[in-house]
Amino acid sequence: MKAPVEFINAAALDGESIYICGSLDALPAYSNHARLFIYDEQVAHLWQHHDVDWWSVATTVFVEFDGSDWDLCCLSNEGQIDYIRSKGGSVVESIHGAGVHRSGAVRWGYMSNLKQIGDHLYACGGAGQVYKRLGKDHWVHMDEGVLQAPDVDDRLLPSAIDGPHEEAIYLVGALAESGYPPRVHFWNGKTWRQLELPEVAERLTCIYVETDTRIWLAGANGTLLLGNAEDGFVSLSSVDDNQLFLGVCEYFGKVYLPSNLGLFVYDVENPQAGIQEVVTGLTPELQDARIIDRASGVLWSVGGKDIAKFDGKVWTRIQHPDNDPI
């Protein structure tokens, strides 16, 4: 019996496989349940899955420093992490103090993102929480200077964390007040400091690290920024409506932006063209886009229902067996 699913986050593994988290359509929104899929064209059973009893906010891939082992990681809003091991099996860890309703939660707020930076996993969440994983079930705060009191009114709402290395980490998001003013904090290996942003910038949702000096940020009302902590950020947006960018990823000189209005692209070599909707050539065209990621020279787009990948020449749609055909 089919169990239709809506995809909520994903991480590309290579050109033929992707790790996707979904929520069953039969359950109420934001239920404490997620279905974790691995789609792999290199095996006979294209789709495999297992379930966890929480709402997922992020998925990522963690690779050991020597490349000998890897984990597929899924973070819950309450600070639990599910690891699927390359050598088989899965384990669950919890970040002490994280979350809102879980036992032991300090109630700073829900967790929001998980990312490998350098040799370690980092997680962020409400009120400026930032944690670094030092080993199995060993997460430590590294948020002195950004962590707020649990009951603060103008709560910092980080949405994403990433950086080129562990002495250059960007924490992006907004404040929980009227207009959701954007915020970026930068870790230089010793301390955090808030960065200045262009006046036109609005609530930030995502980050992509192209190089040490080319950091892409995107968010509400078409916000698209490029820069770094030392040189500052400039606005490249040509959008002035209610478009909300949900992700950002550079792919061979073009920057792809999934949004509430579909998948869009900014051509670095042709900035005068502005931000344009992507024409894939699929039949029908791409229906929705929430997550964008790249691996092994392939760009992956994942929407609530529509999954597609691009090899630089041709877009290919991926059909999930439990959902109606696009």
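Visitor: How many nonpolar residues are in the lining of the second largest pocket?
Guide: This is a predicted model, in which local features need pLDDT of at least 70 and side-chain atom pairs pLDDT 80 or more, while totals for chains, interfaces and linings use all residues. Residues are numbered from 1 along each chain as its sequence is written, and side-chain values use heavy atoms, without hydrogens and water. Ala, Val, Leu, Ile, Met, Phe, Trp, Tyr, Cys and Pro count as nonpolar, Asp, Glu, Lys and Arg as charged, and the others, Gly among them, as polar. By these classes the lining has five polar residues, two charged ones and, as asked, nine nonpolar.

Visitor: Which strand supplies the largest share of that lining?
Guide: Strands are DSSP runs of E, at least two residues long, numbered from the N terminus. S1 (5-14), S3 (34-40), S4 (47-52), S5 (56-63) and S6 (70-76) each supply at least two lining residues of the second largest pocket. The largest share, four residues, comes from S3.

Visitor: Is S3 largely enclosed or left open by the rest of the structure?
Guide: Buried means under 20% relative accessible area with a 1.4 Å probe, protein chains only; over 50% is exposed, and in between is partly exposed. Six of the seven residues of S3 are buried, so the strand is largely enclosed.

Visitor: Which residue in S4 stands opposite Arg 35?
Guide: Two strands pair if DSSP finds at least two bridges between them. S3 and S4 run antiparallel and are joined by six bridges, and a hairpin of six residues connects S3 to S4. On the S2 (residues 17-24) side, S3 also pairs in the antiparallel sense over six bridges, with Gly 22 opposite Arg 35. In S4, the residue opposite Arg 35 is Asp 51.

Visitor: Which side chain does Asn 9 join in a polar contact of 3.2 Å?
Guide: Asn 9 lies in S1 and counts as buried at 7% relative accessibility. A polar contact is a pair of N or O atoms within 3.5 Å; within protein, one must be able to donate a hydrogen and the other to accept it, and residues adjacent in sequence count only if both atoms are side-chain atoms. The partner side chain at 3.2 Å is that of Ser 56.
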